[in-house]
Amino acid sequence: MPFANFKVPAGSLDEKQKEEIIIRATQLYVDIYGERARATTLVLVEEVTVGGWGIGGNVLTLAMLQQPSGD
């Protein structure tokens with residue numbers, strides 16, 4: 001059974017965006033394994049609460065993740 005697990009900051013995606021992740025991830029597995037994979041593909045979108053993220057030893061917040069990258 002194909003399985004994809006996406007962890008996203010809580011509140012960063014609306015229901016439509018989560019649905020889009022599920023649809024696209026499922027389609028990716030179908031593209032790779034064929035149509036037989038559609039019925040058994042499990043996609044999990046998990047929301048991680050504020051303070052549950054960290055990079056390089058630093059706790060990240062949703063506000064920090066939403067800041068422009070400065071590119």
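Begin with the aromatic rings: there is one aromatic pair, where rings of Phe, Tyr and Trp (its six-membered ring) pair if their centres lie within 6.5 Å, and planes under 30 degrees apart count as stacked, over 60 as edge-to-face and the rest as tilted. Select Tyr29 and Tyr33: their ring centres are 6.2 Å apart and their planes stand at 20°, so the pair is stacked. Both tyrosines belong to helix 1, four residues apart, about one turn of the helix. Tyr33 is partly exposed, its relative accessible area being 44%; the classes are buried under 20% relative accessible area, exposed over 50%, and partly exposed in between (1.4 Å probe, protein chains only).

Two remarks on the source apply throughout. This is a predicted model, in which local features need pLDDT of at least 70 and side-chain atom pairs count only at pLDDT 80 or more, while totals for chains, interfaces and linings use all residues. Residues are numbered from 1 along each chain as its sequence is written, and side-chain values use heavy atoms, with hydrogens and water left out.

**Helix 1**

Select residues 15-33, which form helix 1; helices (H or I, at least four residues) and strands (E, at least two) are DSSP runs, numbered from the N terminus. How far apart are the end C-alpha atoms of helix 1? They are 27 Å apart, which agrees with the 27 Å that its 19 residues should span at 1.5 Å a residue; the expected span is 1.5 Å times one less than the number of residues.

Next, highlight Lys18, Ala25, Thr26, Tyr29 and Val30, which are buried in helix 1. These residues cover an arc of only 140° around the axis, which puts them on the same side of helix 1; the arc is that of the directions from the helix axis to the C-beta atoms. Strand 1 (3-9) and strand 2 (42-48) are among the elements covering the buried residues of helix 1. On the face turned away from the buried side, select the exposed residues Lys16, Arg24 and Asp31.

Now inspect what flanks the helix. Gly34 follows helix 1 and has a positive phi, near 95°.

**Salt bridges**

The structure holds five salt bridges, each a side-chain nitrogen of Lys or Arg within 4 Å of a carboxyl oxygen of Asp or Glu. Select Glu46 and Lys7, whose side chains meet in one of them (2.6 Å, N to O). Glu46 lies in strand 2 and Lys7 in strand 1, so the pair ties together parts that are 39 residues apart in sequence. Glu46 is partly exposed, at 28% relative accessible area.

Move to Glu35 and Arg38, which form another salt bridge (2.5 Å, N to O). Arg38 is partly exposed, with a relative accessible area of 35%.

**Lys18 and its surroundings**

Finish at Lys18 and Glu15, a salt bridge whose closest N and O atoms are 3.1 Å apart. Being three residues apart in helix 1, the two are separated by about one helical turn. Salt bridges that share partners join Glu15, Lys18 and Glu47 into one network. Not counting residues up to four places away in sequence, Lys18 touches Leu13, Val45 and Glu47, contact meaning heavy atoms within 4.5 Å.
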